[in-house]
Amino acid sequence: MAPQYELYSYFRSSCSARVRIAAHFKGIELEYKFIHLLNNDQQSSDYIGLNPSKTVPTLVIRENGKELLIRQSVAILEYFEERHPELPKLLPPASDPEARAKVRELVNIVACDIQPVTNLKVLNKVRPLGVEAQEWQHEWMSVGLEAFEKVVQLSAGKFAVGDEVTMADAVLAPAVDNAIRFKVDISRYPTVARIYGESGKLEAFQKGGWKAQPDTPAELRS
């Protein structure tokens, strides 16, 4: 019996979007539970019981009467690769460890350098110190994308690592979506902008993006 997947997600969450994009790319069906971060759903005792970090996404895997939880987006992406080797891949083949390392390097620029310092928990801590949210997000997203641009220039083809879609593209696209929201001039990063444009043509990225989610407010969909 195939595993059943339930994803706790929030439409604006870039970490959730990575998983949604990957699932659509691979053809993995997800059932959704929605955690509205601005309404503090992540602070409920029920959700903390699932994810002590009080973050999204959380993936619940049910198979053969057992249940497994994975609470970090990159770990979920890696799980999909290993659990479903028969599906379209988001990592280069094991015979090319250099390319696989490059994908992971780019993933971690976003997942370790950009997203943590710009997430809601950090923003809520710095606001009482008089930090203006727009300025904070703009600065740190710009710093991270500048680093990504310099590194990806060495590996890019049509996409971030060569001509095939990888995890690096699935992670980059939601980060660029957030940067655009905070008025970062993406044209300053021409390789990033080109890759973002190419990935945006793909159905998986469109379906996984923040505008297409069931919990996206109607007024934000256009």
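Helices (H or I, at least four residues) and strands (E, at least two) are DSSP runs, numbered from the N terminus.

## Ground rules

This is a predicted model, where local features need pLDDT of at least 70, side-chain atom pairs count only at pLDDT 80 or more, and totals for chains, interfaces and linings use all residues. Residues are numbered from 1 along each chain as its sequence is written, and side-chain values use heavy atoms, leaving out hydrogens and water.

Let's start with the loops on either side of β3. The one between α2 (45–50) and β3 (58–63) holds Pro-57, and the peptide bond from Val-56 to Pro-57 is cis, with omega near 5 degrees. Lys-54 is found in that loop between α2 and β3 too, and its phi is near 60 degrees, a positive value in a residue other than glycine.

Asn-64 is found in the loop between β3 and β4 (66–70). Phi of Asn-64 is also positive, near 55 degrees, and again the residue is not glycine. Asn-64 is exposed, with a relative accessible area of 59% (buried means under 20%, exposed over 50%, partly exposed in between, using a 1.4 Å probe and protein chains only). Lys-54, at 32%, is partly exposed.

## Helix α3 and its neighbours

Helix α3 (residues 73–83) has several buried residues, including Ile-76, Leu-77, Tyr-79 and Phe-80. The buried residues of α3 pack against β1 (4–9), α1 (14–26), β3, β4, α4 (97–118) and α7 (167–181), with contact meaning heavy atoms within 4.5 Å.

## Salt bridges

A search of the whole structure turns up nine salt bridges, each a side-chain nitrogen of Lys or Arg within 4 Å of a carboxyl oxygen of Asp or Glu. What do the side chains of Lys-26 and Glu-81 form? They meet in a salt bridge, 2.5 Å from N to O. This pair links distant parts of the chain, with Lys-26 in helix α1 and Glu-81 in helix α3, 55 residues apart. Lys-26 and Glu-81 are both buried.

Glu-63 pairs with Arg-83 in another salt bridge, the closest N and O atoms being 2.4 Å apart. Glu-63 lies in strand β3 and Arg-83 in helix α3, so the pair ties together parts that are 20 residues apart in sequence. Glu-63 is partly exposed at 21% relative accessible area, and Arg-83 is partly exposed at 28%. For a local example, take Lys-207 and Glu-203, whose closest N and O atoms are 3.2 Å apart in a salt bridge. Both lie in helix α9 (residues 203–208), four residues apart, about one turn of the helix.
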